[in-house]
Amino acid sequence: MSINRTKLVRKTFALSSLTAACLITFNVQANTFDCTDIALWDPQATYEKKDTQVQKDGLVYINKYWATGTDIPDPDAPSWANWQKQGSCEGTDPGTDPGVDPNPTPAVALVMPKRANPVSLKVKGWPSTLAMGTISDTTSAMNTQLAATQVDSIFAAQASSRGVLIEPTVITHLIKQARDIEIGSTNAVLPTIALTTVDANDAVAADDIVHYENLVIHFQNMIRASATMQQSKDVSHANPASVVLNAGLLESWQSPEFTTTYGKQNAWTVIEVKKALKEAISKETAYQVIDVDGVSSALSQLYDLTALQTEVDSLIDNNIIGWVQSQNFIMKRFSPDIAFGWVAPRIDSADVHATHSGLGAVWSKASNDATAFILSIQAYKTNVLQPDFLAFDKAEDDAFSAAGLSNEVYGAKQWDTYLTYVKQVTDFLDKPAMLWQIPGGHLPSKADTTPLTQVSAAGSYFMGDKGIANSVDNIRLDVTSQVLDATVYGSSSAGSVLQPAKDYDWGTSRLRHAAYSNVFAIQWGGESSVSVTGSNWLQDKVVNYQSKAKVPLYFSGTGDESSSQITTIAQLNQDLAAAENQMDNEVFLSLQANGSYIPSTVYKWADFLAALSPMHNVGVADVKFWLMDPAVDDATNTLYAKVAIAAFLAQSMKETIKYNVCDENNWSINTGEPIDYPMTASCGQLQQDYASYGEDALGNDNPYSCPRNSKMEVSALTNATWYGAPGPLFAAPDAVLEEKGLLVNGSAGYWETSSWCNTAEAGPIEENKQVYDRNKCETYSGQKAGGFVWNGIAGKSVEGCGWWGRGVIQTTGRLNFGKLNHFIGRSHVDADNIGKVIQGTKVDAAPENPLYADLDLCSEPELICSSTEHGELKWIAGIFFWMNEVQGYNDVGGPYADWNYFTELKAYVDGGLVGDKFINDTSGIVNRGCPDDKCLKPDGVLDPVDGLKDRADNFKKALKAMGVNAS
């Protein structure tokens, strides 16, 4: 699997190239439209609303659901495709695209993705946790050792051969080996084939693709390989293998020779792809494929080859784009149960070793070009042939080997950049990532005798090494003293490259960060680098990971989380469903600037019920949203449930629904800050520091707290909208804002409320940009006045300040987000701490199948507000608080030691729903921290609950909407 790693001259691809590359000849349609006011399809845009009309290539399309730039309108798309053709533009030659420049200029940038929802990491055949794999030589002599590693996958290379038909023996041996080692392993083991259909070391593989006879034979070999994999399917292996396709090829194509050989948009070199593929299919008609039981069948008995040849004409073009699609075609048609992905271009060493201010710098210097190139060759075109994932390679040579020292020594900074690159490319393409051929070496501590040639940072970075922690002084001296090329690394000392950056600790595993970067599997080792079987250190780490530290990727449980039956009482369920119209239109109301109320656009009853069901039926760590007492009758339980719901809603209506926001507003006026409405309100208001929530007097974190994150770049999605209201809260690294020239003496500014905005001239809100990058008067929708003033008066920066309140009862601070993340999301808590008492807190294990395992709320807390796939999250954040702080209120030894939520609720119902004591007590806990209408502050002053009467009125209003009258 050795790839030619010579430095390549990269090309930058224009957006117009991307659209022009996929022009297709089509017939004029009978339906015609006046396209004057129909926008051109924009590959940079996100079309969030269905039934949006766009024009492309002189045709009019309408989308059926949410669409991005990877979802390309296609006149020949099947009926289930997103973009559907409606007709053509009047007076437009359908063979041209009004939006395509026939002579495009290079370097037109794509827009860096800013996703509302994470990429789905569910890949057929792979586990629901981050998978571990290793290279194999396919010999049975390795079986015992491989079984002991407890890996989820083994991989090997199956090459084609120029001009020579081959038998896919590596595939058959690898699949057999995987089945054999499953017997001695606790895991299913998926064989992953590195399938090569051209010679990537031969420049741009012209002799394999342009040369007709070679092309036919390569197609034949690929058909044999794909059919062999598919026929290894059995009842226990529905997805019998996985494929990494053509390592090094896309990287080699990012050179001027690609255009010289294959042409460019509107002038692609003709390649007889269709003819060659159909001929290959014909030649393989009698090929004998042996299935998992040893039964041999002719290819023609297994597939409708005539139908496939017909399909070639409709799906494949005679150019390099068609060749790319031919690879996808063979995989999808001859091995439909096999997940596969191309190997992406590697990030250039200069980019990985550079110091980047933030996400935008990595995007503009590395990710943009790679993404644009992948789009231009349509490897991930949205059609029936689209691959399942994208693989990312790393040089096989471990860092401190002779070959690796030149540019492969990675420290934490370099691996962070690498994963940023992976995440940005896959975010844009909406595909999960496999890390493949990752060197399995580690950084040796002083007593470790690992040979220098097997040393790299990858193992230590991903798996964590508490022996190194946050000091390079703990690494063996012969490693840190290595002399490096300062022109490559920016330093001549290996110790400097390996020195931990701010907030970084080598003792902390970065596997969760890999999952956040859309990685679903890590395949360790290569022909010349350390694998799991080649390192006792890595094997021990993998075994430990598999036994007690697996990183979940998505919910895989079978509980009642999706059940429409919220409770076991049918009439109660009907009552709750019937309340939707009244709740949405009369209860969940938001206050307008003129004093009127309108239905909230953020909070909906359906989302609340979607949150209530899992939190009542499944719960978190054995704690559930309490609705019923099994010892009483249905009629009483119905009242208990409605009172519990109404008490929660009463607080929600006061805290956030009234203001129609999910994110905390900037309300810092007369709060003791240097100026009103400082940008640093995101760090904490009323002079609080949200990032310090949960720290003890010595600054030690609670074990559940999210880690500090100085690199977080995040903007709130909602904010107040009165005339001149401050813009959304945001956080960004100092380096990012300094690079833009915004900080003054290292400090941020404030929001001024008076300057008038000419709304007639304001453009659309660029929601893909952070708020500080948006134009004046285009900071948020409906802005009428005001703007950011960058004068440094705030006195501090907004670095690491992404922990403001979010959700219906605002979840605020690293500790609260950390608790939520650990118990419902992708936990960040150190597995070694489970069961221990740390800083006075006993650390409980995370659920085995967390409800929102696809969400990492420590890395991206804004998901609570942004997620459109989980609109219930903004409610769940509040319900989680309610379950822990209100239901679980416990003032042992204090003035409220006798107060118990369940006792008080039942007494209220059993007493005839009379009085306000119960709702006032719960309001006091939510707003001031005690079950009373006034709570004692640390300075000895009684602090009254804010809006006590409003909360009580909300309670009765919510009850009434559910058919209950309270006095």
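**View 1. Helix α3 and its buried residues.** The buried residues of α3 are Ile-171, Leu-174, Ile-175, Gln-177, Ala-178, Arg-179, Ile-181 and Glu-182; buried means under 20% relative accessible area, exposed over 50%, and partly exposed in between (1.4 Å probe, protein chains only). This is a predicted model, in which local features need pLDDT of at least 70 and side-chain atom pairs count only at pLDDT 80 or more, while totals for chains, interfaces and linings use all residues. Residues are numbered from 1 along each chain as its sequence is written, and side-chain values use heavy atoms, with hydrogens and water left out. Helix α3 covers residues 169-182 and has 14 residues. From its first C-alpha to its last α3 reaches 20 Å, close to the 20 Å expected at 1.5 Å a residue; the expected span is 1.5 Å times one less than the number of residues. The cover over its buried residues includes α2 (143-149), β6 (153-159), β7 (190-196) and α5 (212-230), as judged by contact, meaning heavy atoms within 4.5 Å. Helices (H or I, at least four residues) and strands (E, at least two) are DSSP runs, numbered from the N terminus.

**View 2. Helix α11 and its start.** Helix α11 (residues 320-334) has 15 residues and reaches 21 Å from its first C-alpha to its last, close to the 21 Å expected. Of the 15 residues of α11, 14 are buried. At the start of α11, a side-chain oxygen of Asn-319 comes to within 3.0 Å of the backbone nitrogen of Ile-321.

**View 3. A salt bridge between Asp-207 and Arg-162.** The side chains of these two residues meet at 4.0 Å, N to O; a salt bridge is a side-chain nitrogen of Lys or Arg within 4 Å of a carboxyl oxygen of Asp or Glu. Asp-207 lies in helix α4 (residues 206-209) and Arg-162 in the loop between β6 and α3, so the pair ties together parts that are 45 residues apart in sequence. Asp-207 is partly exposed, at 40% relative accessible area, and Arg-162 is partly exposed, at 32%. The whole structure holds 41 salt bridges.

**View 4. A buried salt bridge between Arg-346 and Glu-408.** The two side chains meet at 3.3 Å, N to O. Because Arg-346 lies in the loop between β13 (339-343) and α12 (349-353) and Glu-408 in the loop between β14 (389-393) and α14 (412-429), the pair ties together parts that are 62 residues apart in sequence. Both residues are buried.

**View 5. Tyr-418 in the largest nonpolar core.** A nonpolar core is a set of buried Ala, Val, Leu, Ile, Met, Phe, Trp, Tyr and Cys residues joined through side-chain atoms within 4.5 Å. Among the 147 residues of the largest one, Trp-253, Trp-323, Tyr-418 and Phe-462 touch the most other members. Leaving aside residues up to four places away in sequence, Tyr-418 touches Ile-347, Val-352, Phe-392, Asp-393, Lys-394, Tyr-410, Leu-435 and Ile-438. Another core, of 106 residues, lies apart from the largest one and has among its members Ala-731, Leu-851, Phe-880 and Cys-930.

**View 6. An open sheet of four strands.** The strands run in the order β1-β4-β3-β2, with mixed pairing; two strands pair if DSSP finds at least two bridges between them. β1 (32-33) and β2 (53-56) stand at the edges, each with a single partner strand, so one side of each has no neighbour in the sheet. β1 pairs with β4 (residues 83-89) in the parallel sense over two bridges. Phe-33 stands opposite Cys-89 in β4.

Methods. Polar contact = N/O pair within 3.5 Å; in protein donor to acceptor, adjacent residues only side chain to side chain.
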